[in-house]
Amino acid sequence: MTTKTTREITLPTEPFAVNIGPAHPSTHGVFRMLTTLDGEVILNMEPIFGYLHRGIEKLAEERTYGGCVPLTDRLDYLASMSNNLAYVLAVEKLAGIAVPERAEYIRVIMAELQRIASHLIAIGAFLNDCGAFMTPILYMLREREKILDLFDMVCGQRLTYNYMRVGGVSQDIPEEFAPALKKCLKEMPRWINEYEWLLKENEILLARAKGVGILTREMAINISASGPVLRASGVEWDIRRADPYSIYDRFEFDIPTGKAGDCYDRYRVRVEEMRQSLRILEQALKDLPAGEVRSEVPHLIRPPAGEAYSHIEAPRGDLGFYLVSDGSIAPYRFHVRAPTLINLTALNDMMRGWKVADLILIFGSIDICLAEVDR
Amino acid sequence: MTTALSGARIAKKFPEAVIESGADSLLLKAESLLEVAGYLKKTPGLDFDYLNYVTAVDYYDYFEVVYQLASIKHNHGLVLKVRCYDRQNPTLPSVVGIWRGADFQEREIYDLLGISFEGHPNLKRIVLWEGFEGHPLRKEFL
């Protein structure tokens, strides 16, 4: 007779719900993820947001066209210049307003500086989520500070710029701006190379980010993803090239794309985009013409009844404004095509099957701004 | 540059479904939306695989839902519009089955304008809380 020395122990297991957020350091704002876990593996994740909903689309219906510009600052506050630009382009399209040549160049310079500043935060926060706590982001905040100084010079603000106006920009760049920008352009490639030296082939980063949170090309297109999220999945789609606005058809630049659509590719695309922005900045600064920076526009703009949609390649994706006018001084309908809201659509699919630690990373790699998601 | 695809070309194919066709837009009957949308996505040469955005406007007499489509392959665009005259219980078919990008945006329209989308997998409020009364982007709200 044989006796069984070890008994098979079977513990009953069941999936359980873990609530992450809304106030959690990794959620980049107030975002709640209701996850269902099997041990450490994510079975399902339901995104819940709206905690920052301020009703900007409704507020805009009570303001004049010019008065809506500060509201757009408060959408994606890490890229206020880009929001300003997208909005004024839509009003100019609606009302048929021309913009002086010099203002067009200044707008491009601001938008590209803003892209670098925003990507620095995106990459820094992503690395923070990877576990490289605070060191990389402090380097990147240091460099972002230089760009904020430039913005401070032109409009006196460091976060919500309110710089663009319908028909141009609020004021000309001061004399000291061009030399400061030149100095910045000279230093920036060195900063970017420094991060690359630290991080590009970093073994821990590769282990954490490569192959994690894959968004396939088909799904990226199907969920209407845009910006670095779409391009990291191998789709060469950049509004600056696909549907050029302002004067972007005059500049030479490449569109960096990824192959796998994983977290690492999204990170790489952002780094390369900063380099391309530097190329555009150099060309724009070289060709910057003299002249007016604002065309004659009435204080109260009354666009003819109708509708207009204009979109730009903002740092976080395809940012668009859909405006409907009834001929009065305030927009009848003011809709924002928020890229980060739409980029979140496939978050559940990207996270399913990965572990809780990867959840933080995948979420960070999308780079969202909750103020824009919730509006 | 994204070129606008003439609505007239699609209107010829669906004479029953199209109410009005413009230079870059089509006004459709609500019941034909899914049929035309499926055709636009799957037909070679059109390949509207990218739904740029969905939004809705309250015009007092009716709600107009606007779908801006694009094709990544051919880089052309088209705007679809559908009107909904019922203010008490506005309902439209959901396009989530064709373009998943409409998921959150249709929920947002449901939340803020109160238009229900039939066939949406998870139609509930998105930025406001459950139990909120009214739909703020409707003109009569404020």
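**Exercise 1. Contacts and overall form of chain A**

Among contacts in chain A between residues at least 6 apart in sequence, what percentage join residues at least 24 apart? Then describe the overall form of the chain.

Solution. The model is predicted.

Step 1. Take the contacts in chain A between residues at least 6 apart in sequence; 70% of these join residues at least 24 apart.

Step 2. List the secondary structure: chain A has 15 helices and 8 strands.

Step 3. Compare the radius of gyration with the globule rule. For chain A the radius is 23 Å, close to the 21 Å that the rule gives for 375 residues, so chain A is as compact as a globular protein of that length.

Step 4. The C-alpha trace spans about 100 × 45 × 35 Å along its principal axes. Of the 375 residues in chain A, 49% are buried.

**Exercise 2. Helices α4 and α5**

Describe how helix α4 of chain A packs against helix α5 of chain A.

Solution. Two packed helices are described by the angle between their axes and the distance between the axes.

Step 1. Helix α4(A) covers residues 101–130 and helix α5(A) residues 135–155; their axes come within 9 Å and cross at roughly 165 degrees.

Step 2. Angles over 145 degrees count as roughly antiparallel, so α4(A) is roughly antiparallel to α5(A).

Step 3. The crossing of α4(A) past α5(A) is left-handed.

Step 4. Residues of α4(A) in the contact include L113(A), I116(A) and L120(A). On the side of α5(A), I137(A), M140(A) and R144(A) are among them. By class, this contact of α4(A) with α5(A) has 15 nonpolar, 2 polar and 2 charged residues.

**Exercise 3. Helices α6 and α11**

Treat helices α6 and α11 of chain A in the same way.

Solution. 

Step 1. The axes of α6(A), residues 177–199, and α11(A), residues 263–287, come within 11 Å and cross at roughly 160 degrees.

Step 2. This angle makes α6(A) roughly antiparallel to α11(A). The crossing is left-handed.

Step 3. Helix α6(A) contributes residues including L181(A), L185(A) and E196(A), while α11(A) contributes residues including V271(A), R275(A) and L278(A).

Step 4. The residues of the contact of α6(A) with α11(A) divide into 11 nonpolar, no polar and 4 charged.

**Exercise 4. Chain A against chain B**

How many residues of chain A are in contact with chain B, and which elements of chain A give two or more residues to that side?

Solution. 

Step 1. On chain A, 26 residues are in contact with 22 residues of chain B.

Step 2. The elements are α1 (56–60), α8 (217–222), β7 (317–325), β8 (333–337) and α12 (339–343) of chain A.

Step 3. Sorted by class, the chain A side that touches chain B has 12 nonpolar, 8 polar and 6 charged residues.

Note on methods: Residues are numbered from 1 along each chain as its sequence is written. Chains are lettered from A and ligands numbered from 1 in the order in which they are written. This is a predicted model: local features need pLDDT of at least 70, side-chain atom pairs count only at pLDDT 80 or more; totals for chains, interfaces and linings use all residues. Axes are lines fitted to C-alpha atoms, for helices over the stretch in contact, and angles run from 0 to 180 degrees between N-to-C directions. Helices (H or I, at least four residues) and strands (E, at least two) are DSSP runs, numbered from the N terminus. Angles under 35 degrees count as roughly parallel, over 145 as roughly antiparallel, 65 to 115 as roughly perpendicular and the rest as oblique. A crossing is left-handed if the near helix is turned anticlockwise from the far one by less than a right angle, and right-handed if clockwise. Two residues are in contact if their C-beta atoms, placed from the backbone, lie within 7 Å. Ala, Val, Leu, Ile, Met, Phe, Trp, Tyr, Cys and Pro count as nonpolar, Asp, Glu, Lys and Arg as charged, and the others, Gly among them, as polar. The radius of gyration is taken over C-alpha atoms; the globule rule is 2.2 Å times the number of residues to the power 0.38. A residue is buried if 20 or more other C-beta atoms lie within 10 Å of its own, exposed if 12 or fewer, and partly exposed in between; C-beta atoms are placed from the backbone.
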